[in-house]
Amino acid sequence: MMNLFKIAIRNLIRYKRRTLLTASLITIGVVFVLVFVSITGSFKAMMIGQITDSMLGHLQIHRKGYVASIDNLPLNLNMKSQAYAKVATVLDATPEVAAFSPRLKFGGMFSNFVETTNIRLNGIYPDREFQTVPLLTSRISEGKKVLNRGEILIPILLAKGLNVKLGDTVVIVATNADGSVNGKQFIVSGILESATGPGGRDGYVHIEDAAEVLRMPEAEVSEVAIRLKDFSRLPTAVKQLETKVAGVVNKEGRSMFEVHSWEQLSPFFNIARMIDVMTFFIKIMLIAIVLISIMNVMIMAVYERIREIGTIAAIGTLPGKIRSMFIIEGFCLGIVGAIVGGLLGSAVILIVNLVGIRFDFGQQQGLLLKATLNPNDLLTVSVIVIFVAVAASLQPAIKASKMEPIEALRHV
Amino acid sequence: MALIKAQNITKDYQTEDVVVHALQEVDFEIEPASFVSFVGPSGSGKTTILNLIGCLDKPSAGNLRIADTDVINLGRKESAAFRGKYLGFIFQDFNLIPVLTVYENIEYPLIMVQNIAPQERRERISRMLAAVDMTDQAHKYPHQISGGQKQRVAIARALVTNPALVLADEPTANLDSQTAYAVIGLMKKMRDDFGTTFIFSTHDTKIVGEAEVIFRLEDGRLVGKETKGGTKS
C-alpha cells in the first residue's frame, strides 16, 4: 500500500503545475465553503440566541387555540390559575427544563397624558422571566435592570415617539375580558431596545399589575415561556412535554394545552431554513468543483500514461492494483485540498474575527458577528471532499484497469 | 520437456471489412534456457507471436502451452498472474516507469506483482544491479540515464522475478549498434547465469546472428528454423 502511495504522490509531483492548479481549486472551494458555513452558521446561532434568549424562550406552552389567535391577544384563551398550576407541576417534574416563566399578555392604550398610542404588554414575574430569557436585561438600554410593581419597561420606539423618559408617569388602559375598560398608572423604569421577531416591541409590567389592570381576581397566564438546560435537546424536550401536557385534559376529556418550539413561533425560522438550504447548495457546488476538477485531471492522467499502464499490466500487475494506483492519486489530491483548505479556511475565519464584522438586523444595530468554525463542519467538508475525490477518480481508474495491455502498449 | 509448445497457431485481425491473417497455422517448440529469435520483415508476424507467447493476446485458433499451462484459456486476471510468475518483458522503448528510480523500477515487480519480503528483495535487486552493471546508477531516474542503460535496467527488471521466459520485442531497435550488441550480449550472459529462456524479435540481420535458435517468419507463416551449429529445417 505504501508503494501505491509513493507512486501516486510521485505521479502528482511529476505534473506539478496541473496538480497545483487542481489542488488550489479544491482548496479555494473548501475555504469558501468553510467561511460561508462558519459565518452563516454563526449568524444563525446568534440570531436564534437573540430571539430565544431575549423574547421567546426555547419553547412555550399555551392553551389550545391561543397561538392561532395570538395577534388579537385573546384574554378568553388564557389559562386559569388551576390550569397553570398543572402546567407548572409538569414543568417542575421535567429535568430538561432549566427555568420557565408565566406571562399574561394583553393589548392596551399607552398614554403620557398628552398623547396616546397602542401597546402590547407582557405581565411577568421579573425574576422568573429574567432566568428564562436572560438577554432581556441586556435589552434595557436605559434604566434599572429590574422591574418592581407599579413600574413599566417600554420599547424604545414608543419612548422616542411619545417623548417619554425614565421616571415619567404613564397610564395603561386596557379592555378587560368582560368588555369593560380599566386603567392604571405606571412609572417608566426602563427603555427596551427593539428586537426582531414576535414580542420584540412589547412592553413589560409585573404580572400582578397586569392582573389588576385586567381586573382579574387571580393572575391568568397567556403563555409559559420555557428555557432548556441543553438547547440541542429541543426536539426531544418538545416531544416529551407534548406527551406530558397531553395528559392534562378538561372536563370534556380534551387535551387543554399545546407546546410550540421557537421554530413554530418565530418567522426567523424560515430564514434559518433558507440559510441551511443555501449551505446545502454551497456544499453541492463544492462537490461539483471537486468532482469536475479531479475527474478532469485523472482522465488526463490515464490518457497520458496509457503506455505506462500497458507496461505495468504486461509485467503482471493485477487490474485491482492499477485501479488502486489511480484512486489513490485522486485521494491524495482530495487530502491535500481538504487539509490546506481547512487550514486556510480557519485562518480566514480568524482574520474575520480579528477585523470584526458588524451588521444590523431589523431594529438591532451594530451586532458583532463572531464567526466560529464547528469541528463537525470541518470534518464534514473534509470527508465530502475526500469522498468525492475518490468517487471522481473511480471512472478513470476503472478505465485504466480495464485496458488491454497489448492495446495500451501500442498507444503512441 | 519443451517450455513452449505451439500447435497450428492462427491469428486473424478483423479491420472493418478486411480480415488480416497475421499468423497462419504456426507450429514450434522452444526448449528451456534457449536463446531464440523470431526474424522476418515488417508485417511477418514477429510481434504477434511474441504477444501470444506473452499472454497479451489470444490466438484465433490452435493450441499454446507455456510451462505446461494452457495459456489460451486463462482469464484476464489469471493471465496477469501467469505473466507475473513466469514471464519477463523487455520493450523496444524500454518502458521504465519515469517516476521511479532505477532501483525502484527493478523493485516494482517484486512488490507489486510477486510480493517478495524486503530482505530478499534487497538481495535480488543488488544482484541484478551488479549483473547489469548499474549499481552506481541505482538512484537515478530513467531520464537521467542513456538508452543503453535504460535497456539494461529493463533487462534487470525482467529477470529480477526469476521468470522462466523473457520476451523482448525489438530490444535493440532504439540503440546504436555498439550498444545493441552489448545489450544482446548481456541478455545471453543472463541466460547463461540464470538459465532463463530468452525470445526476442528483430529485423537486424547482424543481431540475428547472436541467436542460437532462429525462427524465420514470412507473411504470417513460419518458413524456417535454424539452430546454431548447423541444423536447418
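**View 1. S37(B) is buried, with a relative accessible area of 0%.** Buried here means under 20% relative accessible area, exposed means over 50%, and partly exposed is in between (1.4 Å probe, protein chains only). This is a predicted model, so local features need pLDDT of at least 70 and side-chain atom pairs count only at pLDDT 80 or more, while totals for chains, interfaces and linings use all residues; side-chain values use heavy atoms, with hydrogens and water left out. Residues are numbered from 1 along each chain as its sequence is written, and chains are lettered from A and ligands numbered from 1 in the order in which they are written. S37(B) sits in strand 3 (residues 35-39) of chain B. Strands (E, at least two residues) and helices (H or I, at least four) are DSSP runs, numbered from the N terminus. Leaving aside residues up to four places away in sequence, S37(B) touches F200(B), T202(B), A211(B), V213(B), I214(B) and F215(B), where a contact means heavy atoms within 4.5 Å. Then there's I199(B): 162 residues separate it from S37(B) along the chain, yet the two C-alpha atoms are separated by 5.5 Å.

**View 2. Here's the whole of chain B, with its seven helices and eleven strands.** The C-alpha trace spans about 50 × 40 × 40 Å along its principal axes. A compact globule of 233 residues would have a radius of gyration near 17 Å, and the 18 Å of chain B agrees with that; the radius is taken over C-alpha atoms, and the globule rule is 2.2 Å times the number of residues to the power 0.38. Of the 233 residues, 54% count as buried. Among contacts between residues at least 6 apart in sequence, 68% join residues at least 24 apart. Chain B exposes about 10,200 Å², and carbon and sulfur atoms supply 47% of it. That area comes from the Shrake-Rupley method with a 1.4 Å probe.

**View 3. Four strands of chain B make an open sheet with the order 2-1-4-5 and antiparallel pairing.** Strand 2 (18-30) and strand 5 (69-70) of chain B are the edges, each with a single partner strand, so one side of each has no neighbour in the sheet. Strands pair if DSSP finds at least two bridges between them. Strand 1 (residues 4-15) and strand 4 (residues 61-66) of chain B run antiparallel and are joined by five bridges. T10(B) has A61(B), in strand 4, as its bridge partner.

**View 4. Over in chain A, strand 5 (residues 151-155) is mostly covered, with five of its five residues buried.** E151(A), L153(A) and P155(A) point one way, I152(A) and I154(A) the other. Five bridges link strand 5 of chain A to strand 7 (residues 181-192) of chain A, and these two run parallel. I154(A) has I191(A) as its bridge partner there. Strand 8 (residues 203-206) of chain A runs antiparallel to strand 5 of chain A, joined by two bridges, and Y204(A) stands opposite L153(A).

**View 5. F94(B) has a positive phi, near 70°, and isn't a glycine.** Most residues other than glycine have a negative phi. F94(B) lies in the loop between strand 6 (87-90) and helix 3 (102-113) of chain B. N95(B), in the loop between strand 6 and helix 3 of chain B, also isn't a glycine and has a positive phi of about 50°. F94(B) is buried, with a relative accessible area of 10%, and N95(B) is buried at 10% too.
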